[in-house]
Amino acid sequence: MTTDEGVWLRPLRRDDAGGVLAAFRSNADMARQGDVTTPADAERYVENLLAPASAHRPWAVATGDGLAGLVCVSVDAKNRNGWFSYWMATAARGHGWMRRAAATVADWALTDGGLERLELGHRVNNPASGAVARAAGFVKEGTERAKFLVDGRRIDVDTYGRLRTDPPPRYEPLPMRGGAR
Ligand SMILES: CC(C)(COP(=O)(O)OP(=O)(O)OC[C@H]1O[C@@H](n2cnc3c(N)ncnc32)[C@H](O)[C@@H]1OP(=O)(O)O)[C@@H](O)C(=O)NCCC(=O)NCCS
């Protein structure tokens, strides 16, 4: 069994494709995180994040059992902004690991990562994502009304931002092993 001490962050690797596929297969709610249903899709997903000129800075949430989740900062270098996203495989959810992972990566992005603003959005019917965002120091900035069409219903999206100058959250960081690209 994985304990809290057995969870850490490290840069995503090409050999994580199998873990990505397992995570996407673990829950129907992963469908909105990308188009991954086959091994080839998973390899493409990872390749896209790791491409040499890519703006993505993907951090794996790792455990002794393998890839548990992902926190990714997609950099808009011109504005020193980052789009923030995250997901967790179903079996690894509910331990508070994503709250800690998101807070750790957000702090990294706004210090060593050189960014000045992070932003994200989540569907209002996905309250766990909002809890993670607030735990990582993000502040709700607004609501994009009826932004997405999901199963025939238009769904609002809450938008969040965190500035380098915002007060950092209080949390227990996860260890970061290995530097980002
Ligand atoms: C969002 C996601 C990453 C959360 O992962 P997780 O492992 O549950 O996260 P944590 O355990 O670190 O924390 C979850 C928080 O959400 C809360 N939460 C979970 N389900 C909830 C619900 N239905 N309603 C309200 N809060 C909820 C938990 O209580 C916890 O907050 P707390 O510590 O203040 O109690 C995970 O559900 C996921 O991967 N979803 C699919 C992908 C996704 O939606 N990504 C975000 C896109 S914007």
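This is a predicted model: local features need pLDDT of at least 70, side-chain atom pairs count only at pLDDT 80 or more; totals for chains, interfaces and linings use all residues.

Q: Which polar backbone atom is 2.8 Å from an oxygen atom of the ligand?

A: A polar contact is a pair of N or O atoms within 3.5 Å; within protein, one must be able to donate a hydrogen and the other to accept it, and residues adjacent in sequence count only if both atoms are side-chain atoms. Here the backbone atom belongs to Met88. Gly94 also places a backbone N or O atom 3.0 Å from a ligand oxygen. Asn126 uses its side chain: an N or O atom there is 2.7 Å from an oxygen atom of the ligand.

Q: Which residues come nearest to the ligand?

A: A residue is near a molecule if one of its heavy atoms lies within 4 Å of it. There are 20 residues around the ligand, and Tyr86, Met88, Gly96, Arg99 and Asn126 come nearest.

Q: Which element gives the most to the shell around the ligand?

A: Helices (H or I, at least four residues) and strands (E, at least two) are DSSP runs, numbered from the N terminus. Helix 4 gives the most, with five residues. The protein has four helices and seven strands. Their order from the N terminus is β-α-α-β-β-β-α-β-α-β-β.

Technical notes
Residues are numbered from 1 along each chain as its sequence is written. Side-chain values use heavy atoms; hydrogens and water are left out.
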